[in-house]
Amino acid sequence: MKTSMPASTTPPDSAASAALAVSVVVATAGRVDLLDRCLDALLRQALDGRRYEIVVVDDAPSQRTRQLVAVWRASASARGPALVYLPNHGPHGPAAARNRGWRMARAPLVAFTAEDSVPAPGWLRHALAAFDDHVDVLCGQVDTPLAGPPTAHEREQRRRAGAAIPLANCVFRKRVLERLNGFDERFRCTWREACDLHFRLLGMGAAIVRTPHALVVRPLRHAPWGAALAELRDAAFDALLYKKHPALYRKNIRATPHWEDAATVAFLLLALCGAALGARAPALAAGAAWLAMTALLCARRLHGTAHSAAHVAEVLLTAVLMPPLALYWRLAGAIRYRVRFA
């Protein structure tokens, strides 16, 4: 490995800036091994290195990440892309990091990918070929390969990878980002951040084009037990998304409130209260209703997914906690963002 050198924190000033076609922004937060793989793929692009630059925004500034960028920068040939390290000392979050990155970009087009993604060699070449004068935003294909039937969490990850604006594979005109004032940094959840961005683009009448040829592979990462429970915290941001775009939320995300979660929690409370008060018949009826709704939730999550003993056990156990946690976080979001939302 070559000797490391200090990574740049500001874009290099050079006459070559005029030749830049696209700036690639990668937000990272301490996952050095994944960033290493991503940078390897970005430096192997089938595109003249003088036509693109790579801006790495470190949302959890560390010496390890700085050194990694420095090593890749030193290993790039003189004709390779400029590689910029940009520490983000706050505000933090994926939206804030991306905003810091695109505002430092020197090219008229800004491409976004994720630290855990692997852009195909022809990614940028195909994206630029599809980006004509009538395009404002280009969305490429995100491939999430599977070795077998997915878990419920992996299926959800794949669904999110197919977002209308996949933030692991999209290219914007910089002037469009300027008109939007970038990403809404209140969203700390990439999935809802992408939905908000899509709705705002629709509102401004932006021309959004899709191409399957600009490919990014995003291998699914192993999720710890109960990851679905931790991710329920993101439901709080649904309230913000609904507050900003009520009609589009009901049209594109969910047409009705989450009554099933409220009903499941209500039946559970009735069963517990009935048992505590000695009202055996009402307690049994409410308990049966709670059990039926919990079983329906399990069936939905297991449909089309892996049926290993470990996965089935996880789905069964987490199904008990998911409705009350989801209800709690939606109510927390409604209170925080002062909107009637459920």
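The largest nonpolar core has 30 residues, and Val24, Leu39, Leu42, Trp123 and Leu124 have the most contacts inside it. Such a core is a set of buried Ala, Val, Leu, Ile, Met, Phe, Trp, Tyr and Cys residues joined through side-chain atoms within 4.5 Å; buried means under 20% relative accessible area with a 1.4 Å probe, protein chains only. At least two residues of this core come from each of strands S1 (22-28), S2 (52-58), S3 (82-87), S4 (109-114) and S8 (208-217) and helices H1 (32-42), H2 (63-75) and H4 (123-130). H1 gives the most, with five residues. Helices (H or I, at least four residues) and strands (E, at least two) are DSSP runs, numbered from the N terminus.

This is a predicted model, in which local features need pLDDT of at least 70 and side-chain atom pairs count only at pLDDT 80 or more, while totals for chains, interfaces and linings use all residues. Residues are numbered from 1 along each chain as its sequence is written, and side-chain values use heavy atoms, with hydrogens and water left out.

Leaving aside residues up to four places away in sequence, Val24 touches Leu42, Tyr52, Glu53, Ile54, Val55, Ala111, Thr113, Trp123 and Leu124; contact means heavy atoms within 4.5 Å. A second, separate core of 25 residues includes Val25, Phe112, Leu180 and Ala206.

Over the whole chain there are 13 helices and eight strands. Of its 342 residues, 47% count as buried. Residues 24 or more positions apart account for 82% of the contacts with a separation of 6 or more. The C-alpha trace spans about 80 × 45 × 35 Å along its principal axes.

Notes
Buried < 20%, exposed > 50% of the residue type's maximum accessible area, 1.4 Å probe, protein only.
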